[in-house]
Structure formats: C-alpha cells, structure tokens
Amino acid sequence: MNDTLKTIFTRRSTRKFLRKPIPEEELQQIVKAALCAPSARGLQTWKFTVVENREKIQELAGVIGEVLGRSGYDMYQPEVLIIPSNQKESPYGKEDNACAMENIFLAAHSLGIGSVWINQLQGICDDPKVRQILSKLEIPADHVVYGMAALGYGELPSDDKKRTGEVTYIR
C-alpha cells in the first residue's frame with residue numbers, strides 16, 4: 001500500500017488533545033495543503049484563518065455554546081484551530097471548503113497530528129455575538145464558515161473503525 005492510501009485508510013477523528021504545541025513548519029505545511037485543494041472553476045474564494053491562541057479558541061467556543069444552548073462547549077480544546085471561510089455569494093464555497101478541510105485532515109495525520117471537523121458555525125455565523133468574535137479573528141463579514149479543523153496531538157490512540165456504506169459497481 002502506498003503512503004497516500006495508508007494516510008487515508010488510517011486517519012480518524014481526534015476528540016482529546018494534549019497540551020503540546022504544533023511546530024510552526026508543520027502547521028505551515030498543513031495550511032499549504034489546504035491551499036492546494038481543488039476549487040470549483042479555480043475561483044479560490046476562500047480564506048484560511050489559523051488561530052494558535054487557546055484563549056481565543058475557547059472564547060469562540062464559549063460564544064458558540066452560548067448561542068446554541070450548549071453549556072460547557074469547548075470544541076475539544078484543540079491546540080490550533082484552522083477556520084476556512086468563504087464568500088457567502090460563492091456558489092461552490094461549501095464544496096471548496098470541504099475539499100480544503102479534507103486536505104487539512106490528511107496532511108495533519110501524515111505528520112502525526114490529530115484533527116476533528118467542527119461544524120457548529122454553519123448556521124450561526126451572522127448571529128451578532130458570533131460575528132463579533134469572527135470579526136476579531138479577521139474573518140470578513142461577507143464570509144461564512146461551514147466547518148473548522150481542530151488540531152492537536154491526540155491524547156489517546158484512535159480506534160480502528162469499520163467503514164460502511166453501500167457501494168455499487170456498474171460494469
């Protein structure tokens with residue numbers, strides 16, 4: 001099996017992170033992988049915001065929890081949060097960001113860094129409390145966040161999970 005397939009087949013979501021910094025060079029490689037994701041019609045209407053400050057991450061988590069009525073919500077307390085945002089008017093922004101997120105997850109895993117998709121912002125980006133925090137993080141007012149990548153070294157090894165789904169081959 002080649003390294004790419006091994007990375008794909010072994011990547012799992014991490015929901016418990018150690019308090020251990022991610023080396024800057026590795027973080028830059030992860031962001032570069034995001035920028036190399038496919039973008040419909042090559043428009044690249046995205047922006048990637050890398051938050052390395054745990055207090056700012058938890059400030060965002062707290063506001064999300066407040067708006068969604070989820071007391072104690074903490075996004076699993078990641079070491080780093082990568083927030084891809086995209087222009088609200090981009091017809092393919094959601095799909096483009098999903099491709100970038102997958103590249104982030106696979107790049108992180110290839111470097112021994114855990115990750116998990118955080119999707120709670122999808123419908124609440126324009127809530128005034130949320131938008132205030134997003135503005136402080138320099139995410140443009142005309143952007144929406146479909147998902148965020150929480151990153152860090154996993155506290156526990158990921159369990160192997162049987163993958164299911166219907167597959168039909170037409171020949």
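Biologist: In α3, which residues are buried?

Modeller: Keep in mind that this is a predicted model. In α3, the buried residues are Arg-54, Ile-57, Leu-60, Ala-61, Val-63, Ile-64 and Gly-65. An α-helix has 3.6 residues a turn, so residues three or four places apart point the same way. The cover over the buried residues of α3 includes β1 (46–51), β2 (80–87), α5 and β5 (148–152).

Biologist: How many Å should helix α3 span?

Modeller: Count 1.5 Å a residue: the 15 residues of α3 (54–68) should span 21 Å, and the end C-alpha atoms, 21 Å apart, agree with that.

Biologist: What caps the N-terminal end of α3?

Modeller: Asn-53 does, with a side-chain oxygen 2.9 Å from the backbone nitrogen of Glu-55. Just after the helix, Gly-69 has a positive phi of about 70°.

Biologist: Which residues touch the most other members of the largest nonpolar core?

Modeller: That core has 26 residues, and the ones you want are Leu-60, Ile-64, Met-75, Leu-81, Ile-83, Leu-121 and Met-148. Its largest share, five residues, comes from α3. Another core, of 21 residues, lies apart from it and includes Val-31 and Trp-46.

Biologist: And Cys-125: is this residue buried or exposed?

Modeller: The cut-off for buried is under 20% relative accessible area. Cys-125 is at 3% relative accessibility, so it counts as buried. Cys-125 sits in the loop between β3 (114–118) and α5 (128–136). Leaving out residues up to four places away in sequence, Cys-125 touches Val-130, Arg-131, Leu-134, Val-144 and Val-145.

Definitions and conventions:
Residues are numbered from 1 along each chain as its sequence is written. This is a predicted model: local features need pLDDT of at least 70, side-chain atom pairs count only at pLDDT 80 or more; totals for chains, interfaces and linings use all residues. Side-chain values use heavy atoms; hydrogens and water are left out. Helices (H or I, at least four residues) and strands (E, at least two) are DSSP runs, numbered from the N terminus. Buried means under 20% relative accessible area, exposed over 50%, partly exposed in between (1.4 Å probe, protein chains only). Contact means heavy atoms within 4.5 Å. The expected span of a helix is 1.5 Å times one less than its number of residues. A polar contact is a pair of N or O atoms within 3.5 Å; within protein, one must be able to donate a hydrogen and the other to accept it, and residues adjacent in sequence count only if both atoms are side-chain atoms. A nonpolar core is a set of buried Ala, Val, Leu, Ile, Met, Phe, Trp, Tyr and Cys residues joined through side-chain atoms within 4.5 Å.
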